[in-house]
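Here are my notes on the model you sent, as numbered points.

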Amino acid sequence: MKRTVIAFACMLLAGPALAQSLGEKTGVNSALGVAPATADFVKEVAVSDLFEIESSKLAEQKGKAPEKRFAQQMVTDHTKTSGELKALVSNGKVQATLPTALDSSHQSKLDKLKGASGKDFSSDYNSYQVSAHEDAISLFDRYAKGGDNAALKDWAGKTLPALRHHLDMAKELGRAPSVGQSK
């Protein structure tokens, strides 16, 4: 009985901390328009940047000409935002841990891209870019409006226009004709 009470008390105390992470993981925060916790925001951004950079390096090798141009821009821009985020964390303005590897979801997408070629690669890469940038815009917009770290809120707001531009570019990739375009 005593163990049950202790376990229940631990769950109650851990509930608020778990709810924030779980809400971001499950998409509940996004659906409700709730700003992510700073640690969740930093983790999501860092993993997203890693995925953008790694998947776009593949597209520079395997993609068609429009994808290669887009991919070069993604590598440049997401390397820049990744550096900016690292600077915010390293200079102490943001208290969070930066992940150094992809989470399992992003890793499986990257693995799928590694094994794909031709139209399959293009279709997957283009689809991943649209959904990744839609997710990023939601994440940055919610943090810019309601985040709890002033420096990070400011950075998120300043980064949003570039992410919206990336989304427009990604959507155009899916509309580009594939006839006669070289690899």
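This is a predicted model: local features need pLDDT of at least 70, side-chain atom pairs count only at pLDDT 80 or more; totals for chains, interfaces and linings use all residues.

1. Lys 158 and Asp 154 both sit in helix 7 (residues 150–175), four residues apart, or about one turn of the helix. Their side chains form a salt bridge with an N to O distance of 3.1 Å; a salt bridge here is a side-chain nitrogen of Lys or Arg within 4 Å of a carboxyl oxygen of Asp or Glu. Helices (H or I, at least four residues) and strands (E, at least two) are DSSP runs, numbered from the N terminus. Lys 158 is exposed, at 62% relative accessible area, and Asp 154 is partly exposed, at 41%. Buried means under 20% relative accessible area, exposed over 50%, and partly exposed in between, with a 1.4 Å probe and protein chains only.

2. Residues are numbered from 1 along each chain as its sequence is written, and side-chain values use heavy atoms, with hydrogens and water left out.

3. How many salt bridges does the rule give? The count is six. One of them pairs Lys 80 with Glu 84, with 3.1 Å between the closest N and O atoms. Both residues are in helix 4 (residues 65–90), four residues apart, about one turn of the helix. Lys 80 is exposed at 54% relative accessible area, whereas Glu 84 is partly exposed at 26%.

4. Lys 57 and Glu 54 also form a salt bridge, at 3.9 Å from N to O. They are separated by about one helical turn because they are three residues apart in helix 3 (residues 38–62). Lys 57 is partly exposed, with 38% relative accessibility, and Glu 54 is partly exposed too, with 34%. An α-helix has 3.6 residues a turn, so residues three or four places apart point the same way.

5. The protein chain has seven helices and zero strands. Of its 183 residues, 39% are buried. The chain exposes about 10,300 Å², with carbon and sulfur atoms supplying 57% of that area; accessible areas come from the Shrake-Rupley method with a 1.4 Å probe, and for residues only the protein chains shown count as cover. Among contacts with a separation of 6 or more, 72% are between residues 24 or more positions apart, where contact means heavy atoms within 4.5 Å.

6. Helix 7 has 26 residues and spans 38 Å from its first C-alpha to its last, close to the 38 Å expected at 1.5 Å a residue. The expected span is 1.5 Å times one less than the number of residues. Helix 7 bends by about 35 degrees at Leu 160, and Pro 161 follows within four residues. The bend at a residue is the angle between axes fitted to the seven residues ending there and the seven starting there. The buried residues of helix 7 include Leu 152, Trp 155, Leu 160, His 166 and Leu 173. Helix 3, helix 4 and helix 6 are among what covers the buried residues of helix 7.

7. Which residues touch the most other members of the largest nonpolar core? They are Phe 41, Tyr 125, Phe 140, Leu 152 and Trp 155, in a core of 37 residues. A nonpolar core is a set of buried Ala, Val, Leu, Ile, Met, Phe, Trp, Tyr and Cys residues joined through side-chain atoms within 4.5 Å. Helix 3, helix 4, helix 5 (104–115), helix 6 (118–146) and helix 7 each give two or more residues to this core. Helix 6 supplies the largest share, nine residues.

8. Two residues show the packing in detail. Leu 152 touches Thr 38, Phe 41, Val 42, Leu 85, Leu 88, Val 94 and Tyr 143, with residues up to four places away in sequence not counted. Val 45, in helix 3, is buried at 3% relative accessible area. Beyond its neighbours within four places in sequence, Val 45 is in contact with Leu 85, Leu 139, Phe 140 and Trp 155. The C-alpha atoms of Val 45 and Leu 139 are 8.4 Å apart, although the two residues are 94 residues apart along the chain.
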